[in-house]
Amino acid sequence: RLHAEWDGFAGASVRCLVSESRPRIAVYRGSSIASLELLAKNEHSDFNSVSLGWPMSAGESYFIAVDAIHERVGPFVLTWSTTGPNDDFADPSGPTGNAGFTTAFFDTMTAEDGEPMHGGFAATPSAWFDWTPTVTDPKAEISLGDEGFRFGVYRGDDVASLTAVPSTLISHRMWQFSVTAGQTYRIALDPGPGAASATVVRWVAGPRETVPPVIESPTWWSY
């Protein structure tokens with residue numbers, strides 16, 4: 001159970017530790033299991049991780065359910081985060097620290113005047129984040145919980161005159177680029193055609209941290 005203390009957005013991600021597992025995730029609200037209201041769901045028959053996002057209201061409690069497709073079960077890691085809107089370049093949130101995750105939620109996003117192209121495509125409902133790592137790393141990583149997104153990383157304080165930072169696409173949902181300790185990087189995400197309305201965003205610079213503790217495949221887990 002996730003209890004919201006402010007208005008904003010929330011996201012959750014399930015990553016199975018067995019490559020053959022196929023998870024699905026859903027979020028509900030309500031006072032009893034028999035009368036829950038479905039708010040969002042996501043499942044994928046081709047990948048062992050899925051994520052979703054939803055708008056949250058202060059004072060509401062949300063229940064996250066995890067299941068498997070065709071009984072292809074196994075141990076998994078469940079993570080979640082909350083964030084405010086990241087629509088405006090001038091008012092982004094997170095990431096903080098050298099490693100962690102947050103959620104990008106695109107249903108209410110827009111493009112701004114003067115916004116650069118991301119990944120070679122004109123901006124549509126983009127989300128902005130800023131990141132100031134405290135370590136230097138020639139192979140810092142940004143990875144997403146889903147495929148189909150366009151990515152851009154920049155330096156600068158004016159959306160119309162940003163300097164692009166070269167990045168390398170490592171997989172369909174991971175990019176690497178060089179970061180310098182103390183330098184602020186502006187990160188833009190833009191959903192391409194068919195992309196999810198939300199995705200979990202993970203970042204890491206410096207030593208790679210250990211994998212979070214494994215949750216041994218419950219079908220319902222609450223905090």
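Two strands count as paired here if DSSP finds at least two bridges between them, and strands themselves are DSSP runs (E, at least two residues), with helices being H or I runs of at least four, both numbered from the N terminus. With that in hand, in β6 the bridge partner of Tyr28 is Phe63.

Some housekeeping: this is a predicted model, where local features need pLDDT of at least 70, side-chain atom pairs count only at pLDDT 80 or more, and totals for chains, interfaces and linings use all residues. Residues are numbered from 1 along each chain as its sequence is written, and side-chain values use heavy atoms, with hydrogens and water left out.

**Overall make-up**

The protein chain has zero helices and 16 strands. Of its 223 residues, 45% are buried, meaning under 20% relative accessible area with a 1.4 Å probe, protein chains only (exposed is over 50%, partly exposed in between). Its accessible surface comes to about 10,900 Å², and carbon and sulfur atoms own 52% of that; the areas come from the Shrake-Rupley method with a 1.4 Å probe. Take contacts (heavy atoms within 4.5 Å) between residues at least 6 apart in sequence: 78% of them join residues at least 24 apart.

**Around β6**

Strand β6 covers residues 61-68, and seven of its eight residues are buried. Strand β1 pairs with β6, and there His3 sits opposite Ser61. Strand β3 is another partner of β6. Here are these pairings, along with one from further down the chain:

| Strand pair | Sense | Bridges |
|---|---|---|
| β1 (residues 2-3) and β6 | antiparallel | two bridges |
| β3 (residues 23-29) and β6 | antiparallel | six bridges |
| β9 and β15 | antiparallel | five bridges |

**The open sheet**

Four strands make an open antiparallel sheet, in the order β9-β15-β11-β12. The edges are β9 and β12 (163-164), each with a single partner strand, so one side of each has no neighbour in the sheet.

**Nonpolar cores**

A nonpolar core is a set of buried Ala, Val, Leu, Ile, Met, Phe, Trp, Tyr and Cys residues joined through side-chain atoms within 4.5 Å. The largest one has 22 residues, and Trp131, Ile142, Phe151, Phe177 and Leu189 have the most contacts inside it. Elements giving two or more residues to this core are β9 (127-131), β10 (137-144), β11 (149-155), β14 (174-179), β15 (185-191) and β16 (198-204). Apart from it lies another core, of 18 residues, including Ala10, Ala12, Ala40 and Leu52.
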